[in-house]
Amino acid sequence: MQTVVFLFMMGLVDVSIGQHDSQFHWLSQLRGRRQHAHLQAEDPDCPLECDCPSRYPTAMYCHNRNLQHVPYVPSHIKYVYLQRNQIRGIPEGVFDNATNLVWLVLFHNRLDSDKIGKNVFSELKHLERLLLDYNDLTHVPPNLPKSITDLRLSHNKISKIPSSSLEGMLNLTTLHLQVNSIEDVGGVFKGLKSLTLLDMRKNKLRKIPDNLPEKLQQLYLEFNGIESVPAGFLTTYPKLRFVRLAHNKLTDKGLPPNVFNISTLLELDLSFNKLEKIPAVSRNLENLYLHANKIKEFSLSSFCSTIDMENFSRLKMLRLDANGISAKDIPAEAAYCLRRVAFIDV
């Protein structure tokens, strides 16, 4: 075995064939790194499995190396890239020497919630971005740093989020939870005072989450089982600008009158539902997607209660295709009300 390893290190054995499946794949990575060492100096503290180029002195690149563990991280490193490996667990103490981490990228691994230490992230007081999407997590890792601004947990196997999971995360601005199996979140988002983007597409929600943060601007809930929208929903969250509810089970009965008629909303996606009427919207709305519903009537009053030179809709995009409407159903007055729409797709 020592002879084989020596040959690999000396570059005398060709590892290009089937190297992704070879137990010596990491050796070929090291050999390539040493062959290019003359092009740019490396940090002497950098682990052999990774690259630490001098032009980015606080970054450590360990992505796509077939790694099964998190390597040693030098104390001066702030940005660690570990995506596209085979890492299953993160034991306690792995980051004890790297408390200055700002970005930690771990998407596309095989992380198992039961193999992640309960306090493995707790001492990373400067961590801002934690990317854990495309793994096998069944719950949100505990004791996350309060400093995180961007948390990505999409494409996992999470079904529940206990109320304590995100407690005290006052700096969190973006939260990605799409493509999981979440049915209900209770009031877990209530204390996230800085959250502006929440993505929960492709889960198992039956209703819009309660107690959303007041600063929320973008809400993506496509591909769930939502049947209704609460009365006063948008007045409760006046800073919402983009709401996407496509591919749900919305019906006219589930939409209270004027629930979407609020002046701050800019984009509304209600496509691929079961609506039979065009809901009333604000004149300030810019993009409206209603395609693939069961709408059979074009109601101009949904966009303009009165029509004159000063009162008209700001709509730029209107999609009504895959409904029961044709061009002949659009009244001539629509040219005045919808004067900013370049083309109505029916």
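Me: Which residue forms a salt bridge with Lys157?
Reply: This is a predicted model. In it, the closest N and O atoms of the pair are 3.8 Å apart, and a salt bridge needs them within 4 Å. The partner of Lys157 is Asp136.

Me: How many residues apart in sequence are the parts that this pair ties together?
Reply: Lys157 lies in the loop between β5 (150-152) and β6 (174-176). Asp136 sits in the loop between β4 (129-131) and β5. The pair therefore ties together parts whose separation in sequence is 21 residues.

Me: What is the relative accessible area of Asp136, and how does Asp136 count?
Reply: Buried means under 20%, and exposed means over 50%. Asp136 has a relative accessible area of 30%, so Asp136 counts as partly exposed.

Me: Is Asp150 buried or exposed?
Reply: Asp150 meets Arg152 in a salt bridge, 3.0 Å from N to O. Arg152 is partly exposed, at 24% relative accessibility. Asp150 has a relative accessibility of 6%. With the limit for burial at under 20%, Asp150 is buried.

Me: Which strands hold Arg244 and Glu267?
Reply: The side chains of Arg244 and Glu267 meet in a salt bridge of 2.9 Å, N to O. The pair links distant parts of the chain, 23 residues apart. Arg244 is in β9 (residues 242-244), and Glu267 is in β10 (residues 267-269).

Me: Which residues gather in a patch of positive charge on the surface?
Reply: One member is Arg206, in the loop between β7 (197-199) and β8 (218-220). Arg206 is exposed, with a relative accessible area of 70%. The patch consists of Arg206, Lys249, Lys274, Lys294 and Lys296.

Me: How far apart in space are Pro331 and Leu300?
Reply: Pro331 lies in the loop between β12 (317-319) and α4 (334-337). Pro331 is partly exposed, at 27% relative accessible area. Pro331 touches Phe298 and Leu300, not counting residues up to four places away in sequence. Pro331 and Leu300 are 31 residues apart in sequence, but C-alpha to C-alpha the distance is 7.8 Å.

Me: Which residues does Gln83 touch, not counting residues up to four places away in sequence?
Reply: Gln83 is in the loop between β2 (79-81) and β3 (103-105). At 13% relative accessibility, Gln83 counts as buried. Gln83 touches His63, Asn64, Val105, Leu106, Phe107, His108 and Asn109.

Me: What share of the residues of the chain counts as buried?
Reply: The chain has four helices and 13 strands. Of the 346 residues, the buried share is 47%.

Technical notes. Residues are numbered from 1 along each chain as its sequence is written. This is a predicted model: local features need pLDDT of at least 70, side-chain atom pairs count only at pLDDT 80 or more; totals for chains, interfaces and linings use all residues. Side-chain values use heavy atoms; hydrogens and water are left out. Patches are made of residues with over 30% relative accessible area and no salt bridge: like charges are joined within 9 Å, nonpolar side chains (Val, Leu, Ile, Met, Phe, Trp, Tyr) within 5 Å. Accessible areas come from the Shrake-Rupley method with a 1.4 Å probe; for residues, only the protein chains shown count as cover. Lys and Arg count as positive and Asp and Glu as negative; His and the chain ends are not counted. The place of a charge is taken as NZ of Lys, CZ of Arg, CG of Asp or CD of Glu. Helices (H or I, at least four residues) and strands (E, at least two) are DSSP runs, numbered from the N terminus. Buried means under 20% relative accessible area, exposed over 50%, partly exposed in between (1.4 Å probe, protein chains only). Contact means heavy atoms within 4.5 Å.
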